[in-house]
Structures are given as C-alpha cells and as structure tokens.
Amino acid sequence: MTVGQRTVDESGTPARGWGLNTWDSPWLNFKFLLGVAIVSLILLFGLLGPLFWDTDLAYTGAGPLNKPPVWQEGGLPEHPLGTESNGRDMLAQLILATPSSLKVGFLAAIIGMGIGMVLGSVAGYVGGWWDHVIRTLSDSAVTIPALVVLVVIASYVQMTDTTAMALILAAFAWPGPTRLVRSQILTLRERSYVRMAHLSGAPALEIMFVEMLPNMLPWLAASLTGGISVAILGATGLEVLGLGPTRVPSLGLIINQATTNAALVRGLVWWWLPPIIILMVIFVGFFLMTIGLDEIANPRIRQFSSSRRERTAAGEAPTVVHGDGGIGGGEDAALEVDDLHVHYFTPRGEVIAANGVDFRVRKGEILGLVGESGCGKTTVAMAILQVVQAPGRIVQGAVRIEDQDLVSLSGRALREVRWRDLALVPQGAMNSLNPVTPIREQMADAILAHENVGRLELEARILGLLNDVGLPERVIDMYPHELSGGMKQRVCIAMAIALNPQVIIADEPTSALDVVVQRVVAQTLLEVKERLGVSMVMIGHDMGLQAQLVDRIAVMYAGNLVEVAPVESAFAEPLHPYTQLLIESIPSIKERKPLNVTEGLTHDLRNPPPGCIFQFRCQHVEQICRERRPELVEREDDHLVACWLYEPERHSLIELEEA
Amino acid sequence: MRGLTREYVLQRFLMYLLTIWLGSTLIFVIPRLAPGDPVSEMVGRLSLDAGYIENADKLIESWKARFGLDAPIHVQYFRYWGNVFRLNFGYSLSHFPTEAWTMVSDALPWSLGLLTVATVLSFSIGVTIGSLMGWRRTPRWLQLILPSSLTFTAIPYFMFGIMLIYLVAFELDWLPATGAYSRRVDPGWNLPFIKNVLTHAILPVVSIVLTSMGGWALGMRGLMISVNNEDYFLLAQVKGLSPSRIFFRYGVRNAILPALTALALGLGGLISGSILVEFIFAYPGTGYTLYQAIISQDYTVTQAIANLIILVTATSVFLLDLLYPFIDPRITYKRDMR
C-alpha cells in the first residue's frame, strides 16, 4: 500500500535531484564532508611537511637515541616528537611515511575500482555466459582471505616500492566494485528512463555514462572510500609484519620497528603511538566518508534519520485536537471519521494531505473512497488504521468505532482494537505477506494476538478461512513466494476476516492484479461482505470497479472530500465538477469519446488557495469560488457536495461580504 | 521445494571447490611470476651472511631438484595439487624433523577458538545494536546511547590491540599481554589451565569484537530501515501484534538474511585481520605461526598454513551457504509449482 511519503511526492514536491548546486544537495552530508576534511588535513600534513621540516632527519643516526617528545622531561626542541632507538627523528619519519601509506591506498583502490567497473559493466550489461563467469569468480574471490595470500606472496617477492605493493593489493580490490557495479546496472537498466534511452537507439556506452553513471555515483564513491581504507589496512598489515618495502618509510614499518624493538615494554610510547594515531585518524576519515556516502546513496537512511530529527523537533507526543459533532447522526455508523487532518512535516513546509475529512460508514455497507493518485485517499486509510508514517501526523480529528476514538488510543489499548474491530486488505498483496514465514504462521499470529485458541482449533479455523476465500487447504503450509498474486490477495482477505471485524479497509485491493484475477478478488470481497455483514471502505481510482462494488461513494480531491453520494445517484447525476470529470473519464466500449483532460494542475498542497480547492481546474469557476471555501452540504437526498454551484444564495453571499 | 535441493547443494559445492582452487592457485602462481626464485634468493642470502659459499650454482640446482623446481611449470602445478590434496606439505624447514602439517594442525585449534568466539560475539552484538538503531519504536534514550558503541568501528583490530596491551596489560597490569597461556600452568583439562587460557583470550577477543561489531551494526541498521518500510511490516502493525513479535518475526527475521550473506562474504577479511591480532598478541595460532614461518623463511609451513586458512574459510562459507535455505525459504525456489 502506498505509505504516506509517496503521496507527498506525487503531489507536487519536486523529486530530489543529484544536482551539486542546490542548497539541499544530498552531497552536503555532514559526515561525508567531515571525512573529506579529515583526510585532506592528513594529506596536507604529508605533502606540506617537507617544506617546513628537514626530512633527512628520518634516516639512521641523525640524532640522539630514544629522546622523548619536547613536552616531556629530557625532550629536545630540535626533535619535537622525539627520536627512536636508531636516532631517527619521529616527526621527519611521520612526514615521509604518511603520504606513502595514502598513496598505496588510493592507487590500489582506484585500480581495483577500474577493473571492477569494466567487469561489472560487462557482467551486468552483456549478461549471459559472461555474467555467469564474472559473478562466480568475484563471489569466490571475495571470500579468499586476502592478507594470507598477500603474506605468502610478500614472503617470496621482495617489494621494492609502494607502486609494486599497490599493484598486488589491487589484485584483491576488484571483487567488491565488480559485484556493486553489476547489481547497480541490473537495477538501473530496468528503470524506465534507461529503457527509454534504449528504445531511442542511444549507444550502450552513452547510456552507461549519461543515464547510469550519475545514479551510481554515490554508491561507487562509497565503494571507493571503503576500498581505500581496506587497501591501506592491507598495506599497513604487511608493513607491520615486516613484509612491505623496507627502504621506503611507511606508517606500518614504524610500528613494525617499534614492536620488534620492544618499544611497548620499554615505554617508548612516542615511537609506536603517533603512527597508530595518524592511521586511526585516516581510517576514521574514510569511515565517515563511507557512511556519509551510504546515506547519500540510500535515501531511506536519510529519511529515517531526518524524520527522527523532525519528530523530536515537533515534539514526539501528538497534539491532536479532538473534534466532535460533524454531520449526520452516528447511530447506524460502523465507522465515523470526524474532521480528520493529516499533515506531513517536510523540510519545505507542511503538506496538508487530509484537510478535514469527514464521513460515516454505515453498518453493512461498502463505502468507496475515490480520487486521483496523490489526493490523500491512502493517507486517510493509514490515518484510520493509526499507522501514518513519519514525517506525517494526525493533527486533528477523530476516528470512531463503537464510540471509541482510535486516535486517542495507544499501546496495548490500540493493539486490542486493531484487527479485532478494524482490519486491512492491503494494496500491495505482493509484499504484504512476510516472505520468510508460512501462511499458517502469519494467519495464526493475527488470531493469537487477540484470542486464546488451542492448536487444533487454530488449524481448523485457518483452514476454514482459506476455504471461505476459495483457497485449497495446502496453502496453509506454503510460503508467499509459492503463491500467485491473486492467491496472495485472497490470503490477505482470509486474514482480514479472521476475527470477524466491524470494519475492513480495502486499499486498492485489486490494483496490481490482471483483469481476470481482479474479478475473482472483487467477487471474493463481496461474498465475504455479504456473509459477514461487515462494513468496508474500498479505496480505489477505478471508477468502473467502484460502480459495481460499492453502496456509496466518497470523492476526494487534494485532501478534501468534495462529494459523498449513493453510488446510483453519483453516477446518474454527479454534482461536483470533479466527479463529473472522473465519470466522463471511464472508457466505454460502446462509443469512442474524446478524453476530456482539463488544463491546470493541482495546487501546491503546502499552501492551499483561499476558496474552493478545485478552482484551478474547474470550468464553472466564479468569483465566490476564489474567495470562500464551500462546505460539504446535503443538496439532495443523502447526496452531499462541496460546491458553490448548488448554493442559490451564492451571489448575495458575496455581495453581502463586499458591503 | 523447500530446504536443500540437490541443484543448490551442487552449485554451492562447485563454488566451494572454485574458491579453494582459486586461492591455492594464486599461492602457486604469483611467486613463480616474480623475477628470481626462492632457492636462488635463499642461497644468495646465505652467501651474503657467510661471505662465500662453495659451489653455489650446484647447491641451487640440487635444492631446486629437491623441491621439484626444475620440472616444467605444469608438472610442478600437478605435483602441487597432489600434495595439497594429501595435505602433504613436506617437512618444516626451520623445525626440520617436524612435518609442516603437524605444526599447522597444532596451531589451528587456538585460531579456531579465538575466531569463533570473536566472530559470534561481534556478529550477535552488532546485529542486536543495529536492529535497535533501525527500529522506530526503540526508546529514545537507547537511540541516543547506541551510536556510542560504534566508536571503535573504523580502527583496525591490531592497532586497537596494541593500545589495549599498553593500557590494560602494561600500565594497569590487569590482564596478560601475550601468549595463549602461562608457563606455570599444566596444559590439560583442569580448571586453572582453562581459567588461564580464558584470561589470555580476553584482550585479543575484545580487540576484535569492539572494532568489528560496529560494521555489523551499521549494516543491520540500514537493513532494518528498509524492512521498516516494507508492506508486511505495516500489516503486522495493523494486525495488532505485540511490538516484540513485530520486531523479531517481521523485522529482524527478514533484515538478518543479507547480514548473514555479508558474514559469509566477510569471513575472509575477518581471518585476515586476525593474523595481525595473533602477531601483536603473540597468540600461538595459525596467524602467528605463519608470521614465524615467514621470518624464518620456512616455505613449506607458509604454504601449508596459507592453504589451510583458505580451506577453513571456504568450508565455513560453504556451511553457511548450506544453512541459508533453512533460514530463507526463497533461496532454492524453483518455478515449477505443483
């Protein structure tokens, strides 16, 4: 089912791009930038150091032995960080060693990334036999303990310089990037804009660089920074074991010399600690870059942390204004939705996704809730079920079942009402079942959460429910992936009726299914409703399907209800111009008519205009529509509409105001 | 349809063989690609030490013949594989009468014990922390505390180990710095010895666990966040299940699957890192033995250990692979629905 966030995106908030110059560019990630700053500082220390300090002091016999740093007793100002057992100056050694350690890391990771990009693109793009070979090779290469092989190699081959070492390390740096590039290409090539580029005949390389690379960039960068620290770790490991180049100073070599000269026992802290500190700072820098880039690449993580921040800022406890009264008596109502307001608190303002939604569902009836995508119908469903996702929140209103306001419930009290009184047939039946547990368990936990049932009775009941929706008994021990889409949806229906609830919310229950299966599922829903006498809210945008299934229909536009009417009169005599538009848009087999698309888009949901919300698309717009919001008023028998056209007094109303 | 299918086992087994073949071949090939050969280099070094060696050329040739290095490369390769299969790596060069394999198998239990404990601890602690970090209902105070457990994540094990030795063993003198047990206890199944072994293992285990658990935590956090947005997670809430059931059966149960894959793929790196930890702590496992073999130029032991480590890693990955279908029913799914 559509989780609220998507509704917001569809309603006019521009999608975040990867542009580097917008003020809220995702690259302006604090962790990433901090990491970049740290690594740059270390790099500057190594590169600019020789300008300020005599690096010749890094060689044997240049100074007195075992002198502590200058701030300790016995320290000498000409050796500010002290000297070790061969009289070498520590500062000079560190200055020379730092860039060489970084160089190995960069070189190895970049070569590895290059190999990985070539192999990964071939595997992902060419596919077939190539893909099989490359994937198998990289999968097995990635499990080989690299350092062991490196150690063996290094024990035969005397590595003379850092470049040789980087080349050998690169031999182990390619499987990660290869796997990443392959999986990214497989994901991206299914995206519609890449398919479009294919169809328009763009050459493969152009698609690769123009359409795919920019989208892979944060992932590649995260893989590169991760790869650099792994390569530095590998090189340092070899150096610490004394297997790296021995004539070139390196941080690992200093640690090796310190440990083999028992610097730990002798208390020569200034010998072994500074290289470790520099290395740790380097690793922390790259680590920050990597997790920052992960957040950039994975919007969900970003959204999770930012929504938490916003929740904290807005105060965790929802301050709900509980409305009462409203239209119509509630005696025969199974579900009352009362003046419901749901807002999404985005960085760019409050998105009003439901603005005073108010309706009743009578006992035993199906109420259809329709409207175009992004109008807030799924948000209303989520609000009824009390699962509005952050950054969204119910800011006002009540949802009542048997005089109990669900909005004011929480914790155990809310859990008890859920499913027993109010169940859901979800939109995405494909993904609504837990993929790793059998159907038996998923149906059982819904029942057991509310009732104490013995094992045998439980099984009999589940089998009975499956039978009710026309599924064979063997389904009970199957996993979701073993069922077809229609079967999954029927499992969801069986689950929804398990506790004989007062109300079932059906959120576009047939939308992802093909037409034949749609009929079967709709039929199942109707049968269930007839037999149990349950009330239902059926959310959808398929007016044709709604016409056949529902008793009354509620039309929603941009977060507001604009018309609520019995289905016959809604179709025979739609009052609101938007409803008329929706009904006209139903394709007919009998006649071909031009599609009537009105100009103008929905307004920005963050600032609704004064007056009627439909004014920009309405053909009959008048002065009053721009100034005053029409109320939902009963204009005919049981037929409510929010439109000035049916207010005979509208002209005098506006004149009165002007006077 | 569920559990292990023959196809899946066969496929994983081929992968297992491929990994061993790839690793061992690398060990065989790369030294031979390098200029020079071990024997000439060794004799060269000997003559440097002694100043002069009589008939150095003949010595080189006879040693090459002794090690079979005079045969054509493919013959050498087949012989090498024959030896790897029979676990016959010859005698240790530095501890002559001992066979290389004996030395290696003496060291193996220490490494296996250390690594198993460290890996299990780090994975389970990390996954727990990550799951809680990625769950919307985790209490706020816990959400604030948890990230502090990631402090040491970016630091390599062995560097942390050096600092632990300095602080805990030398400065504070709380725990022993090096070795697997003291000389004063009798090795065997007695309480003082077991206690002694455990106290010696604390620092190496802590240095691995504290530095590696953050990686699992971060990964798990991302996976939990994804599961949080899944439709089945929402439906579980609407069903009125208890938070703990949603957390375990719907959240962790699904999010842990990719984490287990990552564990299988990461074992190689874990074992690599432990070599340095053993070196720093002079822990008598395979890593430390490998290091000693290298400084004493004991090629037979080096090869034996490298092959053994590759074998053990590949076997662990294979076992994890065999376990996987029982945890994720989708993995062996075939499209033929009855």
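**Reading helices, sheets and backbone angles in a predicted model**

Mentor: Let us begin with a pair of helices in chain A: the axes of helix 15 (residues 439-448) and helix 16 (residues 455-468) come within 10 Å and cross at roughly 110 degrees. This is a predicted model, in which local features need pLDDT of at least 70, side-chain atom pairs count only at pLDDT 80 or more, and totals for chains, interfaces and linings use all residues. Residues are numbered from 1 along each chain as its sequence is written, chains are lettered from A and ligands numbered from 1 in the order in which they are written, and side-chain values use heavy atoms, with hydrogens and water left out.

Trainee: How are the helices themselves defined, and what are the axes?

Mentor: Helices (H or I, at least four residues) and strands (E, at least two) are DSSP runs, numbered from the N terminus. Axes are lines fitted to C-alpha atoms, for helices over the stretch in contact, and angles run from 0 to 180 degrees between N-to-C directions. Angles under 35 degrees count as roughly parallel, over 145 as roughly antiparallel, 65 to 115 as roughly perpendicular and the rest as oblique. Helix 15 and helix 16 of chain A are therefore roughly perpendicular to each other.

Trainee: Which residues of helix 15 of chain A meet helix 16 of chain A?

Mentor: Contact means heavy atoms within 4.5 Å. By that rule, Arg440(A), Met443(A), Ala444(A), Ile447(A) and Leu448(A) in helix 15 of chain A meet residues of helix 16 of chain A, including Leu458(A), Glu459(A) and Arg461(A).

Trainee: How should I read a sheet, and in what order do the strands of the open sheet in chain A stand?

Mentor: Two strands pair if DSSP finds at least two bridges between them. In chain A, 8 strands form an open sheet with mixed pairing, in the order 6-7-8-3-9-10-12-11. Strand 6 (422-425) and strand 11 (633-636) of chain A stand at the edges with a single partner strand each, so one side of each is left without a neighbour in the sheet. Within this order, strand 10 (residues 560-566) and strand 12 (residues 639-641) of chain A run antiparallel and are joined by 2 bridges, with Leu640(A) in strand 12 as the bridge partner of Val564(A).

Trainee: Is strand 4 of chain A largely enclosed or open?

Mentor: Buried means under 20% relative accessible area, exposed over 50%, and partly exposed in between (1.4 Å probe, protein chains only). Of the 10 residues of strand 4 (residues 392-401) of chain A, 9 are buried, so the strand is largely enclosed by the rest of the structure. Strand 4 of chain A pairs in the antiparallel sense with strand 1 (residues 333-346) over 7 bridges, where His343(A) stands opposite Arg393(A). Strand 4 of chain A also pairs in the antiparallel sense with strand 5 (residues 404-405), over 2 bridges, and Ile401(A) stands opposite Gln404(A).

Trainee: What should I look for in the backbone angle phi, and where is Asn500(A)?

Mentor: Most residues other than glycine have a negative phi, and most peptide bonds are trans. Asn500(A), however, has a positive phi near 50 degrees; Asn500(A) lies in the loop between helix 17 (485-496) and strand 7 of chain A and is partly exposed, with a relative accessible area of 47%. Asp339(A), which is not a glycine, has a positive phi of about 45 degrees; Asp339(A) is found in strand 1 of chain A and is partly exposed at 23%.

Trainee: How many helices and strands does chain B have?

Mentor: Chain B has 12 helices and 0 strands, and buried residues make up 52% of its 338 residues.
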